[in-house]
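Visitor: I am new to this structure. Please show me how to read a feature or two.
Guide: Take a look at the model, and we will begin with a single residue.

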Amino acid sequence: MNQPPLVLWLKDDPDDPASTAALNSVFPASHIFLPVLKKQPTPTPHLLSLLNSPASYRALIATSQVALASLAHALQNTSTQEPWLSKPIYVVGESTAAAARALQFTDIRGEDSGSANALAQLVLAESRRSDPPLLFLVGDKTRDVITRTLKDGCVQVETVQVYRTCPDERFEESMVDALGDRPPSWVVFFSPSGVDVAAEALARREWWVGGRVRVGSVGPTTTEGLRRHGIAVGAEAVKPGVLGVLKQIAESAKKGKISGSDGVEAVGE
């Protein structure tokens with residue numbers, strides 16, 4: 001009896017509010033979530049000093065749940081929580097929007113923007129040159145797409161690092177333990193940094209060599225990182241998040257064949 005396809009997600013858990021049943025309603029499969037990176041909040045005295053001056057900023061930008069976790073920790077140590085939570089906050093994707101709602105932000109924008117570039121264009125459309133700056137919560141590996149686009153459009157933006165990203169040193173060991181002797185049908189990547197960390201470990205796996213495993217990407221930035229490593233992408237999310245990738249995997253699978261535990265017969269890239 002053929003086994004269902006196996007999808008290996010290179011992240012710690014689903015970032016969409018979706019149960020296994022919801023995932024399987026999109027694409028029936030077995031799902032393994034495995035972190036390749038660790039994001040560690042790094043709230044700093046500088047962040048605290050900025051949060052003490054909410055009137056100096058028009059809005060916030062956050063593109064990561066970890067950034068909002070760091071913000072939440074910092075806000076607990078200020079008396080300015082209420083004015084910050086009433087400001088607009090620009091986000092990319094459902095997971096960051098959900099984290100903003102959990103913090104009780106009331107004006108959340110950009111949830112459906114789909115990419116950093118699209119979010120930057122939304123901010124530009126809603127900004128004037130005379131507006132106070134936006135405060136952008138970034139990590140040590142956050143790309144400068146949003147900052148550069150806003151500055152090129154003469155919109156003031158100030159960045160503050162609130163988390164750092166580092167490799168999960170147990171990734172390869174955890175992958176071997178999780179998969180056993182069953183190769184995945186799909187491997188899904190979520191960031192260029194994750195690609196850099198995982199590519200070397202994957203290259204040592206026999207099942208990875210030869211293109212039998214299909215590759216999914218959370219969006220164009222990650223796809224660019226995969227292509228720099230010579231890795232072809234079979235499905236790229238239109239809307240970021242686990243469900244966004246899975247919908248594209250399902251579409252791609254319709255063009256090929258699901259073949260037991262070996263997964264998808266290759267279709268044209």
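Guide: This is a predicted model. Start with Lys11, in the loop that runs between β1 (6-9) and α1 (20-26).

Visitor: Is Lys11 buried or exposed?

Guide: A residue counts as buried under 20% relative accessible area. Lys11 has 12%, so Lys11 is buried.

Visitor: Which residues is Lys11 in contact with, leaving aside neighbours within four places in sequence?

Guide: They are Phe33, Leu34, Pro35, Phe190 and Val242. With Phe190 there is a further detail: the charged end of Lys11 sits over the ring, 5.4 Å from its centre.

Visitor: How is a pair of aromatic rings described?

Guide: By the distance of the centres and the angle of the planes. This structure holds five aromatic pairs. In one of them, Trp9 and Phe190 are 6.2 Å apart centre to centre, with 40° between the planes, and the pair is tilted. Trp9 is in strand β1 and Phe190 in the loop between β9 (186-189) and α9, so the pair ties together parts 181 residues apart in sequence. Both residues are buried. Ring pairs also bring Phe33 into a cluster with Trp9 and Phe190.

Methods
Residues numbered from 1 in each chain as written. Predicted model: local features only at pLDDT ≥ 70, side-chain atom pairs only at ≥ 80, totals over all residues. Heavy atoms only, no water. Helix = DSSP H or I, 4+ residues; strand = E, 2+ residues; numbered from the N terminus. Buried < 20%, exposed > 50% of the residue type's maximum accessible area, 1.4 Å probe, protein only. Contact = heavy atoms within 4.5 Å. Phe/Tyr/Trp six-rings, centres within 6.5 Å; stacked < 30°, edge-to-face > 60°. Lys NZ or Arg CZ within 6 Å of the ring centre and 35° of its normal.
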